[in-house]
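Q: Could you walk me through how to read a few features of this structure?

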Amino acid sequence: MSRFLFILLGFFVLLSVPATAHEGRPLFIEIEEKETGAVFLKWRVPSTIDRNNAPRITLPDGCERVQSPETAASPALNIGQGLYDCRALKTPLTVSIAYPRGNPAVSSLVRVIRPSGEVQVIRNGPDAILIDIPNAEDAGSIVIEYLVLGVEHILTGYDHLLFVACLLMLAGTTRRVLLIVTGFTLAHSVTLALAALDIVSVPVAPLEAVIALSIVFVAAELARPARDTLTWRYPILISSGFGLLHGFGFAAVLGEIGLPQTEVPLALLFFNLGVEVGQIAFILFLVAITFVGLRAVAFVKEDAKTWGLSEVTLPTAYLVGSLAALWSVERFIAVVA
C-alpha cells in the first residue's frame, strides 16, 4: 500500500462523516402543563427524517383536543404543536409516537414543564412508542439523564470532536496532551455554566459559524511546515481560547433541552461530566485507532515501519480543514440568509 492509498483511505473515512456537524439529534417533544388542566404539546422532528415518515405525536383519549396540531409554522414542516384539555384524564399522562413507515432508529427527548415552572427531561430509545410522564423527578434520575445527554452530545458533535483531534496532533507528547485537554475542559466548563445560567448570552448561528472557523484555524496550523508559531509553542492558549467558544456551543444544546428548576447545579454538573467522559473516550479511541492503523500499514509496507504521528498529520489537516471550511460556509450562509 502506498502512502497515497493510505491518505486516500483516510479521505474516504472522513467522507463517511455526515456534512452536518450535529446529526443524530433526537425527536424533541415538549409538554407544558397548566394549573387549569390544559396541556400545550410541541414537537420538532430531526431534519434527517423523510417528511413522508414524520411521526404522529398524540396524547391519551382522555385529553380533548382544543386546538388541532399543525405543522405549517415551519418551512420544513418538521415542527408541530397542539393544545389539549386534560381535566377529564383519569390515568397518568402519556405521549405516543407513531411513524407511518417505522422508526428510522431515532431516539426521543421529552421535556416536561410543570405548572410550578419545574422542568423535567425524559430520554427514550427508538423502541419507545408510548412514554409515561412521571409525577416527579428525583436527584438520581437527573444525574443519569444529564450524564447520558452530555456523553451523547459530544459523541454526535463532529465539529467538537474534530477540533479535539487536531489539538491532540498539535500536542504530540503526553504532557502537552494533558495541558491542552485541561485548558480546553476548564475553558468550555466556564462558558457552559455562564450561558446555561443565563449570565451570558451568545446568538447560536454566528457562534456555530465561528466554531467551524476555529477548526479551520487549528487545521491550518497543523499544515504549516514551521513549528515555531505561538500555536505550536503554547497550544494550551489555543485550546483555552477556543474552548470558551465551544462551551457556548455545548450550552446552546443544553438550552434546547432545559434544566430542572430545582436541581440546576446538579444537572449542569453531570451534563458537563458527560461531555468530559465522552471526550476522554474519543481521545482513547483516537490513540488506539492511530496506533493500530500505523501498525497495519507497517505490516504491508516495509518502509512504513518508521512512520509516526507526523506521517498522518498533514493529510489529516487538509481533510479536517476542508470539511470545517465547508461547515463554515454553510453556517455563515445560514447567518445572513
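The dialogue below takes up the disulfide, the cavity and the aromatic rings.

Q: Before we start, what kind of model is this?
A: It's a predicted model, where local features need pLDDT of at least 70, side-chain atom pairs count only at pLDDT 80 or more, and totals for chains, interfaces and linings use all residues. Residues are numbered from 1 along each chain as its sequence is written, and side-chain values use heavy atoms, with hydrogens and water left out.

Q: How many disulfides does a search of the whole structure find?
A: A disulfide is a pair of cysteine sulfur atoms within 2.5 Å. Here the search turns up one: Cys63 is joined to Cys86, S to S 2.1 Å. The torsion about their S-S bond is about 115°, so this disulfide is right-handed.

Q: Which parts does the pair Cys63 and Cys86 tie together?
A: Helices (H or I, at least four residues) and strands (E, at least two) are DSSP runs, numbered from the N terminus. Cys63 sits in the loop between strand E3 (56–58) and strand E4 (64–70), and Cys86 in the loop between strand E5 (79–85) and strand E6 (94–98), so the pair ties together parts 23 residues apart in sequence.

Q: Are Cys63 and Cys86 buried or exposed?
A: Buried means under 20% relative accessible area, exposed over 50%, and partly exposed in between (1.4 Å probe, protein chains only). Cys63 and Cys86 are both buried. Cys166 is buried too, with a relative accessible area of 1%.

Q: Which residues line the largest cavity?
A: On a 1 Å grid over the protein atoms alone, a cavity is a set of points where a 1.4 Å probe fits but cannot get out; lining residues have an atom within 4 Å of a point. In this case the lining is Val164, Leu167, Leu168, Ile180, Val181, Phe184 and Gln279. Helix H3 (158–171) and helix H4 (174–196) are the elements that give two or more residues to that lining.

Q: How many aromatic pairs are there?
A: Rings of Phe, Tyr and Trp (its six-membered ring) pair if their centres lie within 6.5 Å; planes under 30 degrees apart count as stacked, over 60 as edge-to-face and the rest as tilted. The count comes to three. Phe163 and Phe184 make a tilted pair, 5.5 Å centre to centre with 40° between the planes. Phe163 lies in helix H3 and Phe184 in helix H4, so that pair ties together parts 21 residues apart in sequence. The rings of Phe163 and Phe242 have centres 5.9 Å apart and planes at 90°, so they're edge-to-face.

Q: Which residues do ring pairs link into a cluster?
A: That would be Phe163, Phe184, Phe217 and Phe242.

Methods. On a 1 Å grid over the protein atoms alone, a cavity is a set of points where a 1.4 Å probe fits but cannot get out, and a pocket is an open set with protein on both sides within 12 Å along at least five of seven lines; lining residues have an atom within 4 Å of a point.
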